[in-house]
Each structure stands twice: as C-alpha cells, then as structure tokens.
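Here's a quick briefing to read alongside the sequence and the 3D view. Have the structure open and click along as you go.

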Amino acid sequence: MRAFHALAALVAVSPLALLGLRGAPVQLEAGAPMGDAPVAQDLDPDPDVVHVRLKAEHVSWEVAPGHVVEGMGYNGLVPGPTIEARVGDRVIVELENALDQPTTIHWHGLRVPAAMDGTPAMMDPVLPGGSFRYEFTVPDAGTFWYHPHANEAEQMEHGLYGAFIVHDPADPRFDAERVLMLDDLKLDRQGSIEPNGGFFEIHDGREGDTALLNGRHSPTLTMAAGTTERWRVVNPSSARYIRLSVGGRPFSIIGSDGGLIEAPQRATEVLLAPSDRVDLVVGPFAEGETVAIEALPYDRGLGLSETVVYGTLEVGAARPSVAGPLPEKLREIPWMADLETPADREIHMAGRLTVRGVEFMVDGEPDALAAPVRVGDTQVWDVVNETPIHHPFHLHGYFFQVLSIDGQPTGDPSLQDSVDLPPESTVRVAWSPEGRPGSWMFHCHILEHAEAGMMAGFDVIP
Ligand code: C2O
Ligand code: CU
Ligand code: CU
C-alpha cells in the first residue's frame, strides 16, 4: 500500500513528460457545427418492439474537420447510433462483428437477464465474422448506454459506445432533448490514436488531450433563445472525471444513472465519474449568448486536472417555448435499506505493485470471485477504497442506493449503477437482487483498472 501511494505522487511528474517524450499534442480544428447523434433505425413496425442491427466495424473516424483517425464504430458511426425505446418495450439487437477481434455488447445500467448482459461469464465473445442476438425488455426509463465487454479499454477508446435512451411518455416535456457523450482521446504526434497500454496508463487510467462531444472535437451546438432542453449526459471516458459546467450557468439536475431523481436539484456543476449519467434541464438563454460546455479542474488523486472544453453552445433566435413548468416532485424512490442495517459484506478495492507492474484487486485478488447472493436478499455492502486515488465502482444489472460515505448519510435515494469511491473511504450501498439469477459482476469503471484486476464476478442464486 505504501509503495502504491509513493507511486501516485511520482506519476504526477511523469518522467516521460520531463524528458519531453510525449511531444506536443496535435492541434485539431474546433468549432465545426454538429447535428445530433443519429438514432438507430427500428426494423420492426410493432410499436412495442425495437429491432436494431449493430455492426461493429473499423471506421475512418473524422474527429475534427479534415482529421481522420482509424477507429471502431457501430454502423460506421462514433458514437454508435442512439437506441431509443419506451419503457416496457421489447428490444432486439442483432450484433454483427466485422472487427478483427472478438467483441460483445454490455447494456450499461439496463436491468436485463444475466444471459443478455454481454459479459464473458455469461456468453462467449462474438468472434470476427460472427453474430449474436440480444433480446430483452427495458423495465426502466432513463439514460443508459452500451459498450463492449471484451478488450474494452482498446475498443471503447477507439469509439465503440453509444447511448441507449428509454423514454417514459409521462416524463416532463421540454423544447428539445439531446444526448451528450463526453469523451477524450489520446492521439500520438502523428495524430493517430495512441496504442493502449504502458505502466502509467494502467496505473492512472487513460486520459487524452483531445476532448470529444459525441465523437467530434469541440463542436458548436445551437439552441433557440427562450427554450429549455433536457440534456442526457454520458461519461464514456476510460478514466476522466468530468466536473461538468455549462458556462457556470445554473441548471436543474433531474436524472441519475437509474432515471429520474426525486426532485429537481439546482446546481452550477455536477460530477460525472466514468460511466455516470446525469439528466439536466438547461436554459433558457438569451439570443447571442455563447456558453462553454466544459469540465472544471478536478483532483481524482493525481493532482488537479486542467479545464477541458467539450464544445460551445451558441444561442440563436428565440422560439416560443412549449416546455411545461418543471414539477417540484419527479418521483418517489423508497429506500431499499435503512442506515442502521448492518453491512452484509465489505468489499476491498486495492492496488499493489508487482514485478509484472501494477495490479488491482478486489478483496486481495485480481479478478476475484465474490460470494453469491440470493434472490430477494437485500444487500448492504461497504465498499472500501484502500487506495489514494478515486475509483468509480460499478455494479452490473441492478441499481443501488448510496446510504452513506464514511458514515455520513447521503440522504439521497437516487438509483445508481456507479458511484465514485473517494480515496481511502468507505461507501455504503444497498441493493436488491430482485430476480434474474445468473453470473454478474462489479468493477472499477476506469477501464485500465478493471482490466488490471479491479473486478469481481458473483452469482445471484434463486
Ligand atoms: Cu459499463 Cu462492466 O460496464
Ligand atoms: Cu455495466
Ligand atoms: Cu479504479
């Protein structure tokens, strides 16, 4: 543990940076106008069935005007097409693998059957040239996303991810709705995607200098003056914590990982750890305003990051608003367990240095196997971060609530599938294995940490 701590300090002044080996990052042109992420075509005329084809393939990805990199996308796109469904719909996704390596799709945040979760414990990866049919219903409305669960650090860095929106017709209405996937890309001096790996990247998690909003570097978005929009924001980055600001202007937070929260919350910034989602109500703005969509400096245990500008919002001519007033109460979310419930287990997230390099562990073991849980047995887990850096803890297949952080009650029953674990802290979560037996997993959503062992599988047994 001590060695690990010392290393974190060392990494803040990377010797590679001192030697100037990283070189200056390539400067890409910013400010190109951007349309919205395309919606996946529904091949089934039945209004309660969404049938989509996703072809994972190598793509020439134009990250900025005139700047093309060799990426990976779904149906030729980065991000992949947004899958849209209504709560309760049946969803069929036919995955075709045209990559030169195996892949799967994981439906991050969706409460699907274990066999549809896309993890290696439940399905063989789809080999190049192969295909797989995913089929499930979507029981919850909210902002979700999809991504591979095979060689994910490389595949997601290359652009394999997309949004999955489940609409509830009863949700409050706004003038418009948009998806913002905020990512960053690490380019080499030639302007190509730098190959994954290396000691520091595994230790810290991979961050790049090229900010991406829906797969484009620093685009310009436009919005009509006088209107309010629902922004569904996703953090698909490998490691970056996004302390999101919309030009310092106040917005209302209305949703978390698991759909609407209980009541709108006014704020001028919100933190998205890797894999987090947040739904915001943004606006109204005045004509002629220009607002930066940016991440403010944040210290995730490796020193303060720099501001990252993801894009610019330009406010155009006014349009009459048709948005209704934001209700004071959005939803009632009962607590799954009370604060006094003793924890069923402790989970220790840790790291260490070995001769092979940095290794991450759950309960003392890389890629651990955790004890099973029984359907119907509400779980209270103390998740202990033993390291001096933050880790986003992610549970597959079930929502949890964050009861307390270092014994301090959060008072916030919002449904989550990921939570930030501050350094050397204990986060108490409660969740219910309400059904869907099978093999599941939890892991750090810094992709390099997960691949270096900070993950565990466990069974939900009937
Ligand atoms: Cu987005 Cu295993 O997770
Ligand atoms: Cu997941
Ligand atoms: Cu981690």
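**Copper sites, a histidine and a sheet**

Histidine 106 and histidine 394 are both buried. Keep in mind that this is a predicted model. Those two residues hold a copper ion, ligand 2, and another copper ion, ligand 3, has its own set of donors.

**Copper ion, ligand 2**

- The donors here are His106 and His394, each using its NE2 atom, at 1.9 Å from the copper ion (ligand 2).
- This pair ties together distant parts of the chain: histidine 106 belongs to strand E5 (residues 106–108) and histidine 394 to strand E25 (residues 391–395), with the two 288 residues apart.

**Copper ion, ligand 3**

- Ligand 3 is coordinated by His391 through ND1, Cys444 through SG and His449 through ND1, at 2.0 to 2.1 Å.
- Histidine 391 sits in strand E25 and cysteine 444 in strand E30 (residues 438–444), so to speak a link between distant parts of the chain, 53 residues apart.
- Are histidine 391 and cysteine 444 buried or exposed? Both are buried.

**Histidine 108**

- Histidine 108 is found in strand E5.
- With a relative accessibility of 0%, histidine 108 counts as buried, because the cut-off for that label is under 20%.
- Its side chain makes a polar contact of 3.3 Å with the side chain of arginine 277, and a polar contact of 3.4 Å joins it to the side chain of histidine 445.
- Leaving aside residues up to four places away in sequence, histidine 108 touches a group that includes Phe144, Trp145, His147, Asp417 and Ser418. The copper donor His394 is also one of the residues in contact with histidine 108.

**The five-stranded sheet**

- What order do the strands of the open sheet take? The 5 strands run E11-E19-E18-E13-E16, and their pairing is mixed.
- Strand E11 (220–225) and strand E16 (270–272) are at the edges with a single partner strand each, so one side of each has no neighbour in the sheet.
- From one strand to the next, the twist averages 30°.
- E11 pairs with strand E19 (residues 308–318) in the parallel sense, over 6 bridges.
- To find that pairing on screen, look for leucine 221, which stands opposite leucine 313 in E19.

How values were computed: Residues are numbered from 1 along each chain as its sequence is written. Chains are lettered from A and ligands numbered from 1 in the order in which they are written. This is a predicted model: local features need pLDDT of at least 70, side-chain atom pairs count only at pLDDT 80 or more; totals for chains, interfaces and linings use all residues. Side-chain values use heavy atoms; hydrogens and water are left out. Donors are N, O and S atoms within 2.8 Å of the metal (3.2 Å for Na, K and Ca); water is not among the atoms, so sites may look incomplete. Helices (H or I, at least four residues) and strands (E, at least two) are DSSP runs, numbered from the N terminus. Buried means under 20% relative accessible area, exposed over 50%, partly exposed in between (1.4 Å probe, protein chains only). Two strands pair if DSSP finds at least two bridges between them. Axes are lines fitted to C-alpha atoms, for helices over the stretch in contact, and angles run from 0 to 180 degrees between N-to-C directions. A polar contact is a pair of N or O atoms within 3.5 Å; within protein, one must be able to donate a hydrogen and the other to accept it, and residues adjacent in sequence count only if both atoms are side-chain atoms. Contact means heavy atoms within 4.5 Å.
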